[in-house]
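The model is shown first.

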Amino acid sequence: MKVEQLFTGCLAEMAYYIESNGEAAIIDPLRETEPYIEMAKADGAKIKYVFLTHFHADFVSGQVDLAKKTGATIVFGPNANPHYDIHQGKDGEEFKIGKATLKLLHTPGHTMESSSYLLIDENGKMPYVFTGDCLFIGDVGRPDLAVKSDLTQADLAGHLFDSLRNKIMTLPDDIIVYPNHGAGSACGKNMSSETFDTLGNQKKTNYALRADMTKDEFITEVTTGLKPAPQYFGNNVRMNKGINTSIDDILHRGTTPLDAATFKEMSERDDILVVDTRSKDDYTEEGTVPGAWYIGADGGFAPWVGSLITNIKQKIIFIAEGGREHEVVTRFSRVGYDNTLGFLRGGMHAWLAAGYEVDKIGSMSAVQFANKLKEGTIEIALDVRKESEYLSEHVVGVENFPLEFIHSNFAEIKPDKTYVLHCASGYRSLIAASIFKANGVKNVFDVRGGFKDIKDTGTKLTDYVCPTTLL
C-alpha cells in the first residue's frame with residue numbers, strides 16, 4: 001500500500017494519493033489532472049475513486065475532469081448536492097481500494113457535508129485519518145464559511161465540536177492526522193506549519209481538543225478572532241458545486257503567445273487586466289507594461305490573485321519568465337480565474353525592443369528608508385502587512401494599510417502624494433505599489449527587504465506583542 005501527501009505551498013493545500021494492489025484513490029485533488037494520472041500510470045494502477053472532504057472555498061478542485069478522464073467515481077459525504085454525478089456516501093460507509101479500505105466519517109461543522117476518511121489496511125490497522133478541514137494541525141476549520149439562513153456560525157461550531165469528540169478523538173492516539181491545509185491557509189486562524197501529526201499529540205497541543213473543554217467554551221474559542229474570508233471563497237464554492245471549463249481548454253487558451261503589438265493593444269482595453277508574474281528583481285529592474293499589476297509567481301500567487309482581482313471572470317493577459325507560462329495559467333485556474341487570454345511573447349525584452357513605454361516602481365533599501373524617515377523627508381509611509389502583524393510590532397509613526405483591503409480603502413489614497421510602502425519582506429509591498437501605480441499614483445516606492453530589514457537599522461519600533469494574543 002502506498003500513501004503520498006501532495007503539498008502545494010502556494011495554497012498551503014494537501015491532496016492525497018492512495019494506491020493498493022493496482023487500484024488508486026485521490027483525496028481533494030487540485031484542478032490539474034495530469035499529476036494524478038501520471039502517478040497512477042507509474043504504479044500500473046487505475047484511479048477508482050476521487051474523494052472530496054467538502055466543497056472547498058480556497059481553491060477549485062479537479063474531480064469532474066479527473067473522473068471524466070479516468071472513469072473514477074466521485075464521492076462526497078452526506079448533504080452534498082453538486083450539479084454532476086457523484087456517489088453520496090453515508091456515515092460509516094466503506095470503500096475498497098485494492099486491499100485497503102477507506103471508511104467515511106461524516107464530520108460536519110466546517111461545512112455540513114464535511115467528511116473525513118479513515119484508512120484501514122489489509123491487516124485491519126488504522127494508520128491514517130484524512131480530516132479535510134475538520135481538524136488541522138494546531139487548529140480546526142473555521143465555522144463561518146457555510147453560514148446559511150438556518151445555520152449560524154455558532155451552530156456550525158457546535159456541530160464541529162460534536163464531530164471532533166464523537167468521530168475523531170475516539171480514534172487511536174497513534175493514528176496519523178492528515179489534514180487538507182497547513183499554515184498560510186485562510187481556512188483556519190492559527191494552523192501549524194507541520195503537515196501531519198499523531199492524534200495523541202494533537203490532543204495535548206491543539207487548543208480545540210482540550211479534554212475538559214465544554215461545548216460553549218469551544219464555540220467561543222473557534223468563533224473568536226475570525227477575519228473576513230477572502231472575497232473569492234464564495235465563487236470557488238459555487239464553482240466546486242458545478243461543472244467548469246476543462247483545465248485542458250483553459251491551458252490551451254491561456255498559453256497563447258502574443259507579440260508585443262498585440263499585447264499592447266489588448267493591455268489598453270478597459271476589460272483586460274495585465275498581471276506581471278516575474279521575480280521581484282526583474283520587475284523592479286526592467287519595469288513593466290503600463291497599468292500592469294505585479295503578483296509574482298514565486299510568492300503567495302493564487303491566494304493574492306483571488307483576494308485582489310474582484311471579478312472571477314476577469315480577462316487577463318500576463319508577463320512571465322520564459323518557460324513558466326503553463327505554470328502561471330495553472331495557478332490562475334486553481335482559484336477559478338479561467339479567462340487568461342495569453343502571455344507576452346519574448347517578455348519585457350520584446351516590449352522594450354518595440355520601443356514601448358514602461359512603468360517603474362521606485363525602490364529604496366531599508367537603510368535609505370530609515371535615514372529618510374529620521375530626516376522627515378518621507379511624505380507618507382505605509383505598512384501593508386496584515387493588521388495582526390502590524391499590531392504585533394511596527395515602525396513608530398507609520399500607518400497600517402493592509403494589502404488585503406486595498407480596494408475598499410483606496411479612497412484614502414491621494415494620487416498627488418508620494419508613498420513609501422513596506423511589508424514583511426518586499427513581496428506584498430510590490431503588489432500594493434503596482435496597484436497604486438495602476439490607479440494613478442505617480443510617485444510610489446517600495447522598501448527592499450521590508451520590515452525584516454528595517455528592524456536591523458535601529459529604527460524606533462513599538463513594543464513587541466505576541467501575535468497569538470491578538471486573535
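Which residue in S17 is the bridge partner of Pro257? It is Phe343.

## Basis of the report

This is a predicted model, in which local features need pLDDT of at least 70, side-chain atom pairs count only at pLDDT 80 or more, and totals for chains, interfaces and linings use all residues. Residues are numbered from 1 along each chain as its sequence is written, and side-chain values use heavy atoms, with hydrogens and water left out.

Helices (H or I, at least four residues) and strands (E, at least two) are DSSP runs, numbered from the N terminus. Two strands pair if DSSP finds at least two bridges between them. Strand S17 spans residues 340–344, and because 4 of its 5 residues are buried, S17 is largely enclosed by the rest of the structure. Buried means under 20% relative accessible area, exposed over 50%, and partly exposed in between (1.4 Å probe, protein chains only).

Strand S13 (residues 257–258) runs parallel to S17 and is joined to it by 2 bridges. Strand S16 (residues 315–319) is also parallel to S17, with 3 bridges, and Ile316 stands opposite Thr340 in S17. From S16 the chain passes through helix H11 (residues 325–334) to S17 in a right-handed β-α-β crossover; right-handed means that, with the strands pointing away from the viewer, the path from the first strand over the helix to the second runs clockwise.

## The six-stranded sheet

An open sheet of 6 strands has the order S1-S2-S3-S4-S5-S6, with mixed pairing. Strand S1 (2–8) and strand S6 (87–88) are at the edges; each has a single partner strand, so one side of each lacks a neighbour in the sheet. S1 pairs with strand S2 (residues 13–20) in the antiparallel sense over 7 bridges, and Leu6 is opposite Ala15 in S2.

## Cysteines

The whole structure contains 0 disulfides, a disulfide being a pair of cysteine sulfur atoms within 2.5 Å. The closest cysteine sulfur to that of Cys423 is in Cys10, 16 Å away, which is too far for a bond. Cys423 is buried at 1% relative accessible area, whereas Cys466, at 34%, counts as partly exposed.

## The second largest pocket

The second largest pocket holds about 380 Å³ of space. It is lined by 19 residues, and the closest to its centre are Glu113, Ala146, Lys148, Val237 and Lys241. On a 1 Å grid over the protein atoms alone, a pocket is an open set of points where a 1.4 Å probe fits, with protein on both sides within 12 Å along at least five of seven lines; lining residues have an atom within 4 Å of a point.

Technical notes: Points joined across faces, edges and corners; volume = space filled by probe spheres on them.
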